[in-house]
Every structure is written in structure tokens, then in C-alpha cells.
Amino acid sequence: MSSLLGSALALSVHASEGEVLVLLSSETSMELASGETIETGYYLNEFGIPAKALVDAGYKLVLATPKGNAPAVDQKSVTVDYFGGDETKLQSIKKFIANLPDINDTASFSEILAAGLDEFDAVFIPGGHAPLIDLANNPQVGEILRHFNRENKPTAAICHGPITLLSAQSEPKAYYQSLTTQSPVQAKNWIYDGYQMTIFSNPEEQVFESTLNGEKLNFYPAAAMSQAGGEMQFANAWQPKVVVDRELITGQNPFSDKLLAEKLLEMLAKEPNIKQ
């Protein structure tokens, strides 16, 4: 009996596992409106907190970037401010990310698409400003997102990560260019048109912008999402906020990390056919 029970438990554990695709930026610097650049990357907690929650729940992470290179952490995020003032938690997440398989040699988006997306149960997109550079205007990202949308599989993005959703339209590069030149055009065939969602809010972005010594961003992500057709929802600045609409889960800011992880795991635990 014990042998049979052990086999049954092993099958149960195996059946509960799955794979989650994590989309990260390849870039380490971002151009501002003046042409000056600042260092950027993923935010430590926005990547690490949900990623660890997924791994702890038994999911395998597959990391991917446009170029297949090692993603960079934004050093501005390596602070206890995003870990409840707890240095031990910060160091734990740093170690967790450093020990992730393939963190220094991710799959490229071309490799991911060539291998197929059917094996993945969800896609997760951390924030930091880096996604504004090479994920918001990327046709390959659009192809990936359309798959998860079509298959009703969870798509989770936090802080600046939701800007990536803009790639899932007919002409993402043209739309992105219109944002940077402040000559707005309509998003074409955007699969998330009319979805409720959130992203780093304008007031929060203005606080960040105030640290740039008079420099300005090319555009505000919240305005870009609203212009495209997103039904935007926001909490007060720096308060946790997660919005769930059909298969899409979006978090407003770094402090939404734990709540986003909870909502993603809840959705993964549900039966298929998330859309109503």
C-alpha cells in the first residue's frame, strides 16, 4: 500500500507542475526625450517575488529575452524599500534570481517561437523601465501574447511590464513611434482593446521623472495604454493594485508584487477557459 500511495502522490505532484514563460528585456539603458540615456533593467522585487512564488508552487520558469542574453537588474530597485525594509528578504531574492537556471543565457524569442508555446501554462512579464525599449514594440512579443490570449492562458505583467501588451496589435512599431514623436495614431487590432488593466500611474511616473535632473521620458505608459483602448484603473500612488480581466492580470507598481503573484497562482489553479 505504501508503494502505491507513494506512486499516487508522485503522480499528483507531477500533475500539478507546469511551465511559465517569463519575458524580460535585453536592454540595459533607456533613451530619454533629450537623447540622454539612463541605466535600466528589471526591478528586483517585481521579477523575484512572483517568480519565487511560482517556483515554490512547483512551476518551472523559462526565461526569454529578445536577444537571448542575460537580463540586467535595475540597481535603483536593489533597496530594502521594496522588501518591507528587510535586508534578509532582499538578499534572499537576489540569491534566488542568481541561481535561476539560464539566468545568464536566456532563450531568445526566436528560439521560443520556433519550439512552440503550447507547453507553457502562463506568461509573466516583470517591470522596470526596460520593457519600454524592446518589448512594447516587438512583433515577436505580439505573437507570443496572441497565443496566450487565444488559448485563454494567464498573462501577468507588473508595473511597467504591461506596456508589453502594446505589441499585440497589427503595427506595434508604428504605434510606438507615434508615442515617442507625440503624434498619436490609433492602435490597430489590439487584442486587449476594452480590457480593464493597470500600469505604473502618471503620478508615480512623475515622481520617478523628478529624479532625472530635469530630463523627461519620451511618453507616459499609462497614457499610452489608455490611448490604445485600455480601460485603466489606478490606486493612489504607491498602493498595491492588481486588476484581473479575463486571462489578463496587471499590477500597478512595485508594491503590487505579492498580490500579483497570488492572483496568478489562483488563476493557474482554475480550470481552463478563463474567459467568460
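**Cavity, strands and core**

Guide: The structure holds 1 cavity of 30 Å³ or more. A cavity here is a set of points on a 1 Å grid over the protein atoms alone where a 1.4 Å probe fits but cannot get out. This is a predicted model, so local features need pLDDT of at least 70 and side-chain atom pairs count only at pLDDT 80 or more, while totals for chains, interfaces and linings use all residues. Residues are numbered from 1 along each chain as its sequence is written, and side-chain values use heavy atoms, with hydrogens and water left out.

Visitor: What volume does the largest cavity have?
Guide: About 60 Å³, where volume is the space filled by probe spheres set on the points, joined across faces, edges and corners.

Visitor: Which residues line the largest cavity?
Guide: Those with an atom within 4 Å of a point count as lining; among them are Leu23, Glu27, Tyr42, Pro71 and Pro131. By class, the lining has 8 nonpolar, 3 polar and 1 charged residues. Ala, Val, Leu, Ile, Met, Phe, Trp, Tyr, Cys and Pro count as nonpolar, Asp, Glu, Lys and Arg as charged, and the others, Gly among them, as polar.

Visitor: Now strands. Which way do the residues of S11 point?
Guide: Leu248 and Thr250 point one way from strand S11 (residues 248-251), Ile249 and Gly251 the other way, and all are buried. Strands (E, at least two residues) and helices (H or I, at least four) are DSSP runs numbered from the N terminus; buried means under 20% relative accessible area, exposed over 50%, partly exposed in between, with a 1.4 Å probe and protein chains only.

Visitor: Which strand runs parallel to S11?
Guide: S7 (residues 155-158), joined to S11 by 4 bridges; two strands pair if DSSP finds at least two bridges between them. In this pairing Ala156 stands opposite Ile249. S10 (residues 242-245) pairs with S11 in the antiparallel sense, also over 4 bridges, and there Val244 stands opposite Ile249.

Visitor: And Glu19, buried or exposed?
Guide: Buried, with a relative accessible area of 18%. Glu19 lies in strand S1 (residues 19-23). Beyond its neighbours within four places in sequence, Glu19 is in contact (heavy atoms within 4.5 Å) with residues including Tyr59, Lys60 and Phe120.

Visitor: Which residues touch the most other members of the largest nonpolar core?
Guide: Leu21 and Trp190, out of 40 residues. Such a core is a set of buried Ala, Val, Leu, Ile, Met, Phe, Trp, Tyr and Cys residues joined through side-chain atoms within 4.5 Å. Another core, of 33 residues, lies apart from it, and Ala156 is among its members.

Definitions and conventions: 1 Å grid on protein atoms, 1.4 Å probe; cavity = no way out; pocket = protein on both sides within 12 Å on 5 of 7 lines; lining within 4 Å.
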